[in-house]
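Hi,

Here is the structure I promised to send over. Have a look at it first, and my notes follow below.

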Amino acid sequence: MSSSKLIAKNTAFLYIRMLLTMGVTLFTSRIVLNALGIQDYGIYSIVGGIVTLFSFFNSAMTAATQRFLTFDIGKNDLEQLKKTFNATLNIHISIGVLFFLLAETFGLWFVNNKLNLPVNRMSAVNWVYQFSIFTFFVGTIQVPYDALIIAREKMKVYAYMSIVEVFLKLIIVYILVVFDIDKLIFYSFLLFLVSFISSNAHKIYCKVYFKETKYKFYYEKELYGELISFSGWSLFGNIAGVARGQGSNILLNIFFGTLLNAAYGISMQVQSAVHVFVTNFQMAVNPQIIKQYALGYKEQSLNLIFQSSKFSYFLMFIIACPIIYNIDFILQLWLKNPPRYTSEFVVLCLINILIDCVSGPLVTGAQATGVIKWYQITIGTFIFLCLPISYLFLSRYNDPTVIFIVIIVINSITLLGRLLFLRFLIDLNLHSFFQKVLLKIFIVTIILVLSSHFIFISISNPYFNFFVKSLFYTSINLTSIYFIGLSNNERNFIRSFFKSKLKKKTY
């Protein structure tokens, strides 16, 4: 019960953070697009994406850092936690240096010689690239501190710091509009400045409140071996993930130019803004999944995986449906003149996110075991296939949406692959998962799709039409989720929760 209350409390803090972050992100995206113009916005998307292309080292180590810090906290082993934190910090510094060398050599050559960029903007392109490198380097060193805050489940602090960062980015937009200079270069510099300030704030907090962050060089061959082995196998999966995400952006640039990169960049903005609805919930649950496993409570860990997968999908489905069925109105209201293919990209991104919602807790379950070699090799191989398959389809059909369709199909396959691996890693009951999670998700989804097909809503006033349609889809979803998606125990818990709140109000 105490774990459930902690998860609920942390989720509440993260959702407050999410609402402010999403609102500011969506508001500023429109202003930034107008201030930079479609061409410069596309340049920033593709050039920043090249820097992210090198993030597979950092992403792999991030997973290892989060897992091992949470595992040590779960076992209440402070001495081991100190050693683990210092080891991860040393490794991240090394990753930052290696990334810097790769970015300034191969990456710089690729940007200047292989990308389809306007010749008259190459000076600005190189400035953007350099600031993107500095921003990423600062973020790499910050990872162990962020991981520790999350592992300690200090979501209130994490939320407050994120909110401050968001408002600093809001100030950036104001400065961008007021000052009459090269806005693309200035925008890149200001984002680096915000990243630098945020990184130092996280470090200061951790050093003040967490004793384990006091730096002392430890070298234990076994510990470094475990961290590097875990991150090494995670590296393969992360290379595949980066190839899928940023590689798709590069393919769009090669086949269609920077205008499609602008549409892709906007779809990624929407994906980031909407996805936080689920990532916040999973961020609150994931430490408990790992800690329960570390303590030997495998059944409790599995229950959290089941519930988190189902609830994550339902949370995203409630949000995604009104967006999908009102996408043209939303984009026109938000951006006025969105780049071509933006609506198609956003809808397909949301469908893909729904699949990721189910997969997220499964990934955490696999990481909790520490046995991820063949898991990463198999799943990573399927994810990596998105890039060559997309290239083949683009060469033949010249339709940019095929990139997202390929990703959705491969993501569905990897979901099944993750389930099979967890069957062997932690004895996950496949029949039970299909019955308690996937079947309920499928029925709720079909009810909404059939309702939208047979009940057509069209009102002349676009704002009223948006409101009525959103209310209709949300009502259908909430009703079907409550009566079909939830178990009896879950429904009883919800009823008891609201009854207790009403009683408090009456007193």
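I'll start with a helix pair: the axes of α12 (residues 373–384) and α13 (residues 386–397) come within 5 Å and cross at roughly 20°. Axes here are lines fitted to C-alpha atoms, for helices over the stretch in contact, with angles running from 0 to 180 degrees between N-to-C directions. α12 and α13 are therefore roughly parallel to each other (angles under 35 degrees count as roughly parallel, over 145 as roughly antiparallel, 65 to 115 as roughly perpendicular and the rest as oblique). On the α12 side, Phe382, Ile383 and Phe384 meet Cys386, Leu387 and Pro388 of α13, where contact means heavy atoms within 4.5 Å. The residues of that contact are six nonpolar, no polar and no charged (Ala, Val, Leu, Ile, Met, Phe, Trp, Tyr, Cys and Pro count as nonpolar, Asp, Glu, Lys and Arg as charged, and the others, Gly among them, as polar).

Before going on, please note that this is a predicted model: local features need pLDDT of at least 70, side-chain atom pairs count only at pLDDT 80 or more, and totals for chains, interfaces and linings use all residues. Residues are numbered from 1 along each chain as its sequence is written, and side-chain values use heavy atoms, with hydrogens and water left out.

As for the whole protein chain, it has 17 helices and zero strands. These are DSSP runs numbered from the N terminus (helices: H or I, at least four residues; strands: E, at least two). Of the 507 residues, 53% are buried (buried is under 20% relative accessible area, exposed over 50%, partly exposed in between, with a 1.4 Å probe and protein chains only). Among contacts between residues at least 6 apart in sequence, 84% join residues at least 24 apart.

Next, take a look at threonine 364, in helix α11 (residues 342–369). With 5% relative accessibility, threonine 364 counts as buried. Its side chain makes a polar contact of 3.1 Å with the side chain of asparagine 286 (a pair of N or O atoms within 3.5 Å; within protein, one must be able to donate a hydrogen and the other to accept it, and residues adjacent in sequence count only if both atoms are side-chain atoms). Leaving out residues up to four places away in sequence, threonine 364 touches Asn286, Ile289 and Ile290.

Finally, two loop residues. Asparagine 398, in the loop between α13 and α14 (402–425), has a positive phi of about 55° although it is not a glycine. Aspartate 427, in the loop between α14 and α15 (430–454), has a positive phi of about 60° and is not a glycine either. At 48% relative accessibility, aspartate 427 counts as partly exposed.

Cheers
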